[in-house]
Amino acid sequence: MVIDSHQHFWIYHPEHHEWISDDMSIIQTDFLPHDLEPILKENGVDGCIAVQTAQTEEETEFLLHLANQYDCIKGVVGWVDLRNEQVAERLSKYKEDPYFKGVRWILQAENDSFFYDTAFRKGLAELAKFNLTYDLLVYHNQLPHVLDLVHSFPDNKFVLDHIGKPAIKEEGLVNWSNDIKKLAAFPNVYVKLSGMVTEADWTNWTEEEIIPFIDVVFNVFGAERIMFGSDWPVCLLASDYRKVKALVDNYLKKLSDKERALVLGGTACGFYSIGS
């Protein structure tokens with residue numbers, strides 16, 4: 001299967017989606033599976049992973065409800081309060097749904113001390129017990145804290161969203177690449193080839209400026225730990241789905257059939273236990 005490992009659904013409410021500022025008006029509307037299904041089909045994508053955007057269990061349940069209705073959704077990365085003393089019970093409840101694959105906490109919105117929060121780390125440790133994954137959403141300057149986190153939890157399966165959000169627009173390759181190389185040394189860490197166009201200039205990005213960042217990721221992670229993700233509909237701020245997919249497809253032309261198959265679906269299926 002060809003899998004889009006990272007996209008979102010929501011029913012837009014200004015008070016619930018305050019992160020969608022006025023300069024993002026194009027995504028200040030509803031985005032649901034019936035909107036995405038024809039786009040996936042047009043681009044030869046068989047299914048997707050729906051990832052949370054709100055820090056509520058209500059959204060987790062909303063996404064699981066959609067997954068149980070639409071065949072295109074192969075898994076859900078939801079939100080659970082990892083700091084809650086009853087986190088194990090909550091994870092056990094959600095694990096009953098086969099579409100519940102993992103958890104994400106929006107770390108890019110937290111201060112540096114949160115990475116070392118005792119309650120958060122205690123909850124994070126519970127994920128491995130349930131064979132649940134963890135999506136890392138961070139800015140590039142937070143990667144040193146991510147290094148400590150993944151070092152502390154060798155039994156957890158981590159995936160770095162949006163290649164760690166490097167400052168592509170500012171050509172911030174060096175510091176980011178140094179941290180990415182260190183992160184790749186941990187075999188339990190994977191990476192999503194997603195969210196790159198929105199880290200570049202939304203109106204003037206080019207493949208040529210993004211390719212050096214993709215090069216770094218492939219050089220240190222290898223195809224077996226890299227998965228394609230569109231970040232739809234957030235990608236619409238800078239590009240349509242077709243161009244995001246083409247950016248990855250064009251890069252993959254120089255790789256082997258096996259490597260292409262891994263990046264376009266095999267890695268995501270293995271990481272998120274799709275079909276098992």
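About 50 Å³ of space lies in the largest cavity. A cavity is, on a 1 Å grid over the protein atoms alone, a set of points where a 1.4 Å probe fits but cannot get out. Grid points are joined across faces, edges and corners, and a volume is the space filled by probe spheres set on the points.

This is a predicted model, in which local features need pLDDT of at least 70 and side-chain atom pairs count only at pLDDT 80 or more, while totals for chains, interfaces and linings use all residues. Residues are numbered from 1 along each chain as its sequence is written, and side-chain values use heavy atoms, with hydrogens and water left out.

Select Leu193, Ser194, Gly195, Met196, Val197, Gly229, Ser230, Cys235, Val244, Leu247 and Val248, which line the largest cavity; lining residues have an atom within 4 Å of a point. Helix α8 (residues 241-252) gives the most to this lining, with 3 residues. Helices (H or I, at least four residues) and strands (E, at least two) are DSSP runs, numbered from the N terminus. By class, the lining of the largest cavity has 7 nonpolar, 4 polar and no charged residues. Here Ala, Val, Leu, Ile, Met, Phe, Trp, Tyr, Cys and Pro count as nonpolar, Asp, Glu, Lys and Arg as charged, and the others, Gly among them, as polar.

**Second stop: the sheet**

Next, display the strands. An open sheet is formed by 8 strands in the order β1-β2-β3-β4-β5-β6-β7-β8, with parallel pairing; two strands pair if DSSP finds at least two bridges between them. At the edges are β1 (3-7) and β8 (226-228), each pairing on one side only. From one strand to the next the twist averages 25°.

Now select β7 (residues 189-193), which is joined to β8 by 3 bridges. Lys192 has Met227 in β8 as its bridge partner. Axes are lines fitted to C-alpha atoms, for helices over the stretch in contact, and angles run from 0 to 180 degrees between N-to-C directions.

Within strand β7, pick Tyr190. Beyond its neighbours within four places in sequence, Tyr190 is in contact (heavy atoms within 4.5 Å) with residues including Phe158, Phe221, Met227 and Phe271. Thr267 lies 77 residues away along the chain, yet the C-alpha atoms of Tyr190 and Thr267 are separated by 8.8 Å.

**Third stop: the pockets**

A pocket is an open set of points with protein on both sides within 12 Å along at least five of seven lines. The largest pocket has a volume of about 520 Å³. Of its 23 lining residues, select Trp19, Ile106, Gln108, Leu137 and Lys165, which lie nearest its centre.

Among the residues lining it are Trp10, His13, His16, His17, Glu58 and Glu59.

**Last stop: backbone geometry**

Select Trp232 and Pro233, which are joined by a cis peptide bond with omega of about 5°. Pro233 is placed in the loop between β8 and α8. Finish at Asn131, which has a positive phi of about 55° although it is not a glycine; Asn131 is in the loop between α4 (118-129) and β5 (133-136).
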